[in-house]
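Welcome! Please take a moment to look over the sequence and the 3D structure, and then let us walk through some of the features together.

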Amino acid sequence: MRRFCPMLLSFALPVLAHADSATQTDWSSGPGQEGPVSSWGTSFDCCSSMNWFEEQGVLTLGSDRVDTQITISSGAIGWMWAADMDMDGDQDIIGCDQTAGTIRSWENLDGLGGAWSELEQLEIPWAEELSYVTAADFDGMGQMYIAVSYMYGGRVLICESSWPSYWWDVPLEEFAMVGILLPCDVDEDGDMDLIAQRELSWYWSIEVYENIGFGYSWSSHTQGFIISDMKLADLDGDGDQDIAAARYWGGGVAWYENGPGCNFFLHLIRDTSGACAVGTGDLDGDGDIDIVADFGSMLEWYENDLQGSGKWSVHEMTGLGTPYWPVIALGDFDHDGDVDIARRSSGNLYLAWNAGHGEAWTAESFTGAGFQDGGIRATDLNGDGISDFIASWMTSAGLKWFRFAEPAMEGILTSSILQLPQDPHWGEITWECEEPSGTALAFQVRSSDDPGDLGEWSDTLTVSGTSLQGILGDFDNYCQYRVLLFTGDPDSTPVLQEVSIDYDPLGIPGGERASPEFFPVSPNPSLYDVDLRFYLASEGSVDLDVYDITGRVVRSARMDDLSEGEHTLRFTPPHPGVYFARIRCNEWTGIRRFVAI
């Protein structure tokens, strides 16, 4: 039989009153913890239009759903790329007009995506079909270059965007087909290299073109095979860009680890054939990058556990649409802290909304215009910090910008219900925050002895240091706050760093009580030990008995000549179950129920 553990050596001495507080300084674990909890920790109950995920340790305004579709341009546009082409700090767009054999570009005039100007089309020296376009500062001189690849003819061409009349070749084998083209400093030498999808015999390879001459001289390195799609991301958290790859022809899903020089090392995740497209993002909100593979008939996402077991957990996603040979883009399109999936196939768009850190998904689909190829890319065209995406069609549907969220003007976050270890006498609520001009932050609180019914919220509190006397009820063991954020400017938000509620743990100033009391058992339920706390209004002897659910006594103890004040004993339940603790002192009896799990 287990015994009481003498964890507190002064249990027979009076415990003086002292100020205590409940504080929250971080909300980064997210919503879903209603409580009661013994401390707020880093979780909370629920929120609307609040940003708790972008910067750990602060709370700011988030976003509202808007579901807006904006046409940037009409005409036939294939693959496209978003980049700051004129180096003015915002995102512009370039795209392939495969019908005319030209590169089209659109300047973001106001930096907000509200006004666009299409620039003169760039003529391409050869008439072969364009397959991909990208842009980067290849010579490190602060100007953008355009790189294009050809589906037929075995060419990758580069030109300076400010001087587009001259193009030069990246050397390839003659007649090799070239698809995807991604800029990346593979060898970490300070200039941008190119990673390409290139045909070798009947299959596609990963080809690294090392930039060894400021964009004028290149060296080729073949790395991987059977590649139908690929994306760049830091998958192992070591600071460089790795490759996530879909391998349709029997190769499954793989990632290629970025090694020394221009070498990548293959790691097979899934050997199931049929993966058409691949994407990367933090789907479960744990801080590392996961992988999504689109098989058309279904999606799968692979949970990154490289820092632990070195393996990937497979999660199958069904009922989210069945596009034919899709292309995908990942981003937090509703700005709720987890990554969603946009899928484009022919004339249709499909959205897989992440409704619970990768554990729950909802589907949305809508028809674009035309039924031809095109592209899709996640970007932030208006610079508001919220992921959007652009999609293109090789028909008159042209190029469209899809916005599903915009900065919110007000938001509310509700804390978890906090259970205090003993009856409180309430002190002050204080907080640390920043309130830029035109913004405001306020609190409401409530308390009760019943966590299932905390009653109405208090009036709005706008001054840090406000006394809670008369607002919260003394001796209420459960309390909760909610914070309200407001702004008159979508580019500005208040910031909350800390909230604290002070209380006297003995219930009244000076530690005096009119009668003895047995406080709620804490923690309850408990995984291990529980603290049994009681208060004596005068000196006396105490009998303590603990019963299990059958009425069997599992522990009895008598403590003689205990002083006036609070006392604490720690008890280790012998096994999981429901228990009752009874304390008797003279004519007074107190009983508390608790659960061991």
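## A first pair to find

Which residue meets the side chain of R558 in a salt bridge? The partner is D560, at 2.9 Å from N to O. A salt bridge here is a side-chain nitrogen of Lys or Arg within 4 Å of a carboxyl oxygen of Asp or Glu. R558 is exposed, with a relative accessible area of 52%, while D560 is partly exposed at 45%. For these words, buried means under 20% relative accessible area, exposed over 50%, and partly exposed in between, with a 1.4 Å probe and protein chains only.

Before going on, a word about the model. It is predicted, so local features need pLDDT of at least 70 and side-chain atom pairs count only at pLDDT 80 or more, whereas totals for chains, interfaces and linings use all residues. Residues are numbered from 1 along each chain as its sequence is written, and side-chain values use heavy atoms, with hydrogens and water left out.

## More charged partners

Side chains of opposite charge can pair when their charged atoms come close. The whole structure holds 15 salt bridges. One of them joins E300 and R270, at 3.0 Å from N to O. This pair links distant parts of the chain, 30 residues apart: E300 sits in strand β26 (residues 299–305) and R270 in strand β23 (residues 264–270). Strands (E, at least two residues) and helices (H or I, at least four) are DSSP runs, numbered from the N terminus. E300 counts as buried because its relative accessibility is 1%, and R270 counts as partly exposed at 25%.

Another salt bridge connects R403 with E406, whose closest N and O atoms are 3.6 Å apart. R403 is buried at 14% relative accessibility, and E406 is partly exposed at 33%.

Strands of a sheet pair through backbone hydrogen bonds, either parallel or antiparallel. In this model, 4 strands form an open sheet in the order β16-β17-β18-β19, with antiparallel pairing. Its edge strands, β16 (178–184) and β19 (218–225), each pair on one side only. From one strand to the next, the twist averages 25 degrees; axes are lines fitted to C-alpha atoms, for helices over the stretch in contact, and angles run from 0 to 180 degrees between N-to-C directions.

Two strands pair if DSSP finds at least two bridges between them. Strand β17 (residues 193–200) and strand β18 (residues 203–211) pair over 7 bridges, and L200 stands opposite Y203 in β18.

## Aromatic rings

Rings of Phe, Tyr and Trp (its six-membered ring) pair if their centres lie within 6.5 Å; planes under 30 degrees apart count as stacked, over 60 as edge-to-face and the rest as tilted. This rule gives 18 aromatic pairs. The rings of F138 and W218 have centres 5.8 Å apart and planes at 75 degrees, so they are edge-to-face. F138 lies in the loop between β12 (130–136) and β13 (145–150), W218 lies in strand β19, and the two are 80 residues apart. Both F138 and W218 are buried.

The rings of F389 and F404 have centres 6.0 Å apart and planes at 25 degrees, so this pair is stacked. F389 belongs to strand β33 (residues 388–392) and F404 to strand β34 (residues 399–407). F389 and F404 are both buried. Ring pairs also join F333, W353, F389, F402 and F404 into a cluster.
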